[in-house]
Amino acid sequence: MNVFIFLLKRFGLMIVTVWIVFTVSFFLMRQIPGGPFNGERVLSEAVRARLEARYNLDAPISEQYFTHLYNTIQLDFGPSFKMQDFTVNEVLAQGFPVSAALGILGMVFAVTIGMTSGVISAVHRNSVYDYSFMLLATLGIAIPNFVLAAMLIVIFVFNLQLFPAAGWGDISQIILPAFCLGAPFAGYIARLTRTGMLEVLGNDYIRTAYAKGLSPGTVVLKHGLRGALLPVVSYLGPAIAGILTGSLVLERIFVIPGMGSHFIEAAIQRDYTLAMGALLTYTVLLFVMNTLVDLAYSIIDPRVRLE
Amino acid sequence: MSIPDHHQSELERLTKILEQARGVQGVSLWADAWKRLKRNKAAMFSLWILVGIVTLALLTPVLPLQSPIYQDVKNRELLPPQGESFLFDIQAYEAETTLLEKQASAVQSKDTDEYARLRLRIEEREQTHPIELYWNNPGIFVKSMIKIRLVIFGDYCFPSVFGTDKLGRDVLSRVFWGSRVSLACGFIATFVSLLIGVSYGAISGYMGGWVDNIMMRIVDVFYSIPFIFIVIFIMSFLSSPGIREPLDNYGIEQIHVFFLLIGAIYWLTMARVVRGQVISLKNEQFIEAAKTIGATRMQIVFRHLVPNVMGIVIVYLTLTIPAVIRFEAFLSFLGLGVNAPDISWGLLVNEGVQVITIVKSYWWMIVFSGMALAMTLFALNFLGDGVRDALDPKLKNK
Amino acid sequence: MVHLLRRYFPFLLILVAALSAVWAVSLGTLPPAEFVFNNGTEVKTIDPAKATGVPEGRVINALYEGLLRSVPDGEPDELGRTPTKPKPVAMADAYNVSDDGTVYTFHIRESAKWSNGDPVTAVDFAWSWMRFLHPETASEYNYQLFYAKNASKFASVDLQEGDPVEIEMKDRPVAGQMFPRGTVQRGKLISLIQPHTDQDHAGEAGQGHGGGGTSGVAIFVVEFQEGDNSTTAAFTTQRIENEEIKSLVKSYQGEYDLTDLKSVEHVLFDFEHVGIRAISRNEFEVELNSPTPYFPELVAFYPLHPVHRASLEEHGDREFTKPGKIVGNGPFLLRERRIRDRLRLVKNDTYWNAENVHLNSVDVLAIQSETTSLNMYLNGQLDWDTKPPNTLIPLLKERDDFVSTPFLACYFYRVNTSKPPLDNPLVRKALNMAIDKQTIVDSIVKGGQVPARSFVPPGMNGYQSAYCGEYDVEQAKLLLAEAGYPNGKGLPTIEILYNTADSHRDIAEVIQQDWKKNLGVDVSLRNLEWGTFLDTLRIGDYMVSRSGWIGDYADPNTFLDMFVTDGPNNQTKWSNAFYDEGIEKAKYESDPVDRMAIFKEMEQTLMDEQPIIPIYFYVSLNMVNTRVKGFTANLQDVHPLHLLSIPSAGAEE
């Protein structure tokens with residue numbers, strides 16, 4: 001079974017990746033000035049020593065490394081330094097679904113908007129639709145998403161009053177950030193779809209299909225789209241990494257309590273354990289997604305072999 | 001010794017062919033691509049826009065702009081765009097210095113005490129010269145450009161047609177000075193990614209076997225590392241005293257390291273692409289030929305393979321530059337980018353986003369910097385598309 | 001199989017997308033709360049003993065209640081500020097002070113109840129304060145209670161031979177959990193055996209708040225008295241196998257028998273000899289080292305709020321704060337908590353004064369962006385915005401929902417007095433006088449802040465602040481010339497350190513320009529994010545640094561005792577023996593007028609030496625929906641949630 005060997009290999013590689021990320025960031029974090037117990041009011045040495053003992057920060061660094069590694073293998077990231085009422089696992093468990101929801105919805109926006117406009121552009125090549133869609137697509141790619149977010153807030157929140165300004169909870173609060181998150185990727189996907197479709201539509205079998213008397217709609221959707229799917233799926237890998245990065249900014253603008261906010265805050269506040277937990281989660285996520293994309297790619301394109 | 005007859009005729013035939021071949025004007029890949037690029041109006045338009053932007057950025061110090069950093073919070077805070085021109089007070093200042101110098105030379109022989117006092121005042125005035133106040137530690141080159149500007153335009157400054165910011169600084173001037181950092185970041189970082197990516201990919205592809213395998217697995221591993229985090233680490237690492245001081249001694253500023261850092265992140269895709277190209281090229285005859293004449297491995301990689309993958313590399317460059325500029329903006333937005341008083345477009349846009357509220361939107365703070373950023377990225381993207389089409393042999397006759 | 005997949009892949013993709021989209025939008029929602037406010041940031045903890053910071057205070061004051069409460073009380077002053085006073089309108093319904101001002105007795109009201117129905121007793125307070133002081137809790141605020149007799153000895157494990165001690169055995173019922181404690185034995189420390197070291201670090205660290213204490217390798221010989229018999233035993237908090245302990249035992253040549261050395265959890269100063277005790281079920285007594293006029297303010301301060309012992313011991317030190325498990329005694333209960341999103345508070349019906357709590361539900365949001373917060377306020381998503389952005393304040397000021405007054409906080413620059421040329425007071429004074437503070441106040445922060453000519457903000461009862469001079473460029477130039485740097489000549493570049501937030505950069509840029517323009521001093525800016533910033537400040541690797549201080553209580557001491565030599569919050573390396581003595585003397589001065597006179601003299605010393613440059617006094621900036629009643633501008637910017645009400649909410653529906 002090719003697939004299983006492939007997955008096994010990938011799994012092995014993932015372990016190595018996670019271990020490298022863990023090790024590098026573990027030592028980097030302890031190199032950086034600033035500890036987790038700094039506040040505006042300075043701690044007395046006695047209190048500091050007690051706190052360090054509580055979080056095992058007074059042990060030799062090698063011992064800390066192995067303890068932490070051992071706990072991490074058991075998926076126990078320890079207590080959060082800064083959010084003292086929670087363990088890292090709890091923080092991540094609360095943040096992950098939020099970010100996932102945002103990311104998925106952003107991706108769905110990107111794929112649906114991108115592919116629809118790509119198909120329309122390809123079918124009506126060199127028409128007004130084509131030009132305006134491609135112009136919009138390039139704009140989507142060119143405008144950084146926080147600028148886009150600011151513009152959309154002015155339009156949809158202030159002027160039209162369609163959406164609330166920020167927050168998280170109901171559907172109206174998700175739409176704007178998810179759209180901003182998906183916009184640049186929608187742009188890329190539109191262009192990829194258009195190019196892919198144009199290539200396919202020029203082929204002989206499409207002409208045959210038309211000749212058989214199939215309706216243009218069927219031809220485009222059944223044959224054309226399949227050809228366009230390939231570049232789009234292969235683009236999803238990098239897109240997922242981009243979605244993760246983009247969500248850092250959008251979570252901040254729209255005050256969304258996802259992993260991205262935890263991630264940045266943890267790094268800035270030197271919350272070692274939380275930063276590590278979030279980092280490893282992102283790493284695994286990215287790896288799994290890349291693997292899934294490769295897998296999907298091999299499914300839709302028989303020429304691609306898993307290695 | 002005579003050459004057999006049929007050989008003789010063969011030689012003549014070959015010579016003839018050779019002469020014919022010499023007569024044909026070879027069209028190089030580049031010339032051909034350039035021809036096709038010229039036909040692409042959008043790409044050419046973008047190219048001219050970019051040339052314009054880069055030229056303006058380079059010439060910024062000689063343009064009659066206001067000071068990008070001088071604040072006048074009391075009188076000029078958050079003014080909307082306006083056409084009133086602005087004057088520096090530099091000439092008056094220099095005139096006063098000249099006057100002092102005249103006085104000094106007049107008393108030089110008579111009153112040594114008075115002379116010394118005047119000299120001291122002149123020296124002090126050098127210390128507080130407005131150039132120091134209006135521009136942030138300009139280097140020698142930039143300083144001489146500013147002096148040229150002062151000679152040409154005097155005290156005249158272009159009006160604040162882009163409005164002023166919350167510290168009363170001219171937005172137009174800040175957009176111009178910001179372009180220097182943003183563009184430099186885009187180009188330098190991309191250049192770094194080019195160096196790393198091309199060498200890495202070429203070596204990996206050419207060596208093949210287990211070396212290739214390991215090198216590519218390393219790339220895979222890197223692909224799964226969320227780099228934003230590493231950047232946060234390194235940026236705060238760099239500002240720690242133990243690291244900062246030795247770097248300062250070598251004249252390396254945080255911003256330079258920042259360029260390198262971004263470059264070092266963006267080499268991955270480049271490495272993959274180059275590797276793929278090299279693998280398909282390395283069994284070609286010209287490589288075999290190079291081997292037979294005794295070229296070393298490194299010579300083959302860098303003298304024969306790399307030039308042949310330049311096409312695809314250039315296509316990726318035009319895609320990487322906007323990505324890097326956007327990444328810088330993104331970092332500035334998170335407060336991890338350039339430090340004041342340095343200016344970048346990302347910083348300006350971030351400042352603009354902060355003053356968009358229901359109560360009042362100071363739109364000029366975001367519109368102009370955002371447009372400058374978007375226009376550059378837009379043009380780079382279009383140009384990138386154009387270059388790709390132009391270099392893509394499949395599209396040759398379309 | 002693969003073929004089939006291949007065929008239907010696009011549909012599969014659409015299906016997955018649709019399903020995940022449905023899942024994404026179906027995440028739980030909460031019904032809206034009656035009153036929603038932005039707390040500015042995620043609270044670090046809601047455990048009173050571990051919390052620090054204003055946002056934490058707002059929540060803890062709603063969930064718990066101390067013996068006293070600081071509430072707005074009395075007539076507003078000329079600036080419209082209502083004074084706040086600690087009053088027995090909380091768990092205590094009365095208290096009295098002994099004539100010498102050192103013994104406080106609080107009477108706890110009969111109707112005081114925990115949210116699970118248990119009565120709140122003096123024992124709860126004694127136990128909670130013990131936990132607050134306990135070294136293992138490592139409370140950052142524990143020095144606030146060091147005014148109580150022997151409290152600092154207990155908290156800092158500062159033991160001498162002859163002290164009464166309590167020994168906690170290694171038999172804690174729940175492993176890895178601090179409470180319930182193991183068996184505690186009480187005795188007298190008769191010998192303290194420590195390895196000899198050349199330099200005694202313990203003494204050095206013992207300065208300032210906290211103290212160094214007896215930690216690390218030590219053997220405690222303790223005498224137990226049972227009737228007429230006395231037994232002795234030896235203990236250590238280290239493991240017996242510890243090499244240093246072993247060698248310590250080996251090299252010991254004293255009279256006591258160390259063969260039965262026992263490893264224990266803690267050896268502490270006996271808490272029964274600390275001046276904190278429950279006399280009866282309702283009577284709680286605190287004995288102080290010296291008369292401390294602001295002690296009631298400290299008692300009302302949230303770190304001294306009690307926690308519920310039984311639930312803490314059942315769920316452990318962290319879990320007991322979770323919704324569903326938390327037992328409080330405040331006006332509100334924690335219903336739900338979403339990290340970096342909101343805390344949902346609901347009215348606590350067992351609260352003694354529940355009939356006067358008007359809000360039924362409150363949402364506490366954690367929005368960091370000032371702009372977003374304001375947008376949400378103006379959009380009707382928030383009722384109270386705690387931090388409107390500076391740029392817009394001139395516009396917001398006109399509105400009648402803008403509530404702002406000066407309060408007890410100062411924005412200032414620390415100057416590192418160990419770095420030349422800043423070691424010269426003349427240079428520091430010149431720098432101070434060359435800053436146009438009025439412009440900073442008018443054009444940058446804009447909220448009606450007051451340019452600071454002293455460090456202690458005006459408005460403290462009976463205190464007249466010192467004075468450090470106006471904005472005077474000519475005078476500043478003269479001072480700088482006198483220091484040997486005419487027109488900034490020869491002066492190295494001065495670096496201003498600030499953290500990445502708020503308007504710190506804008507202010508630093510203005511000051512940079514002021515110094516350059518007025519004095520010819522080259523100034524560079526260094527921007528660090530919060531964590532690194534604090535560390536850099538602590539190790540003293542800066543020249544000039546942005547700082548801020550909010551008074552913990554309405555007394556000059558909270559501002560002035562920072563700058564005693566090597567005080568942990570001094571951080572300027574400034575040291576002045578006269579100043580140290582004065583601050584110490586003020587502690588024991590019982591006459592309020594004399595005490596304030598001492599403080600004023602000390603502050604003047606501080607201002608003459610200028611290790612700090614005061615910039616402005618903060619004002620509280622609040623946007624409050626006009627439908628909210630009971631919101632008063634006051635000196636400490638405290639707005640207890642239980643005093644707020646929304647009249648129309650309940651009545652009309």
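**Reading a predicted three-chain complex**

Modeller: Pro180(C) sits in the loop between strand S6 (164-168) and strand S7 (184-193) of chain C. What is shown is a predicted model, in which local features need pLDDT of at least 70 and side-chain atom pairs count only at pLDDT 80 or more, while totals for chains, interfaces and linings use all residues. Residues are numbered from 1 along each chain as its sequence is written, and chains are lettered from A and ligands numbered from 1 in the order in which they are written.

Biologist: What makes the bond between Phe179(C) and Pro180(C) a cis peptide bond?

Modeller: The omega angle of the bond joining Phe179(C) and Pro180(C) is about 0°, and the bond is listed as cis. Pro420(C) and Pro421(C) are also joined by a cis peptide bond, with omega about 0°, and Pro421(C) lies in the loop between strand S18 (402-415) and helix H11 (425-433) of chain C.

Biologist: Why is Ala138(C) called buried?

Modeller: A residue is buried if 20 or more other C-beta atoms lie within 10 Å of its own, exposed if 12 or fewer, and partly exposed in between, with C-beta atoms placed from the backbone. Ala138(C) has 22 C-beta neighbours inside 10 Å and therefore counts as buried. Ala138(C) is in the loop between helix H3 (122-133) and helix H4 (151-156) of chain C, and its phi is near 50°, a positive value in a residue other than glycine.

Biologist: How do you know that Leu78(B) is buried?

Modeller: Leu78(B) has 20 other C-beta atoms within 10 Å, so it is buried. Leu78(B) belongs to the loop between helix H4 (73-76) and strand S1 (86-87) of chain B, and its phi, near 45°, is positive although the residue is not glycine. Over whole chains, 38% of the 398 residues of chain B count as buried, and buried residues make up 51% of the 307 residues in chain A.

Biologist: How do you know that H14(B) has a span close to the expected one?

Modeller: The expected span of a helix is 1.5 Å times one less than its number of residues. H14(B) has 15 residues and reaches 21 Å from its first C-alpha to its last, close to the 21 Å expected. The buried residues of H14(B) include Trp267(B), Met270(B) and Val274(B).

Biologist: What makes the crossing of H9(B) and H14(B) right-handed?

Modeller: A crossing is right-handed if the near helix is turned clockwise from the far one by less than a right angle, and left-handed if anticlockwise. The crossing of H9(B) and H14(B) is right-handed, and the axes of helix H9 (residues 171-207) and helix H14 (residues 267-281) of chain B come within 7 Å and cross at roughly 35°. Those axes are lines fitted to C-alpha atoms, for helices over the stretch in contact, with angles running from 0 to 180 degrees between N-to-C directions.

Biologist: How do you know that residues of chain C are in contact with chain B?

Modeller: Two residues are in contact if their C-beta atoms, placed from the backbone, lie within 7 Å. By this rule 30 residues of chain C are in contact with 25 residues of chain B. H14(C) gives the most to that side of chain C, with seven residues.

Biologist: What confidence does the predictor give to chain C?

Modeller: The pLDDT is the predictor's confidence in each residue, from 0 to 100. Chain C averages 86, and 93% of the residues score at least 70. Among the elements of chain C, helix H5 (residues 201-205) has the lowest mean pLDDT (40) and strand S5 (residues 103-108) the highest (96). Over residues 198-213 of chain C the pLDDT is below 50. For the complex, the predictor gives an ipTM of 0.81 and a pTM of 0.83.

Note on methods
Helix = DSSP H or I, 4+ residues; strand = E, 2+ residues; numbered from the N terminus.
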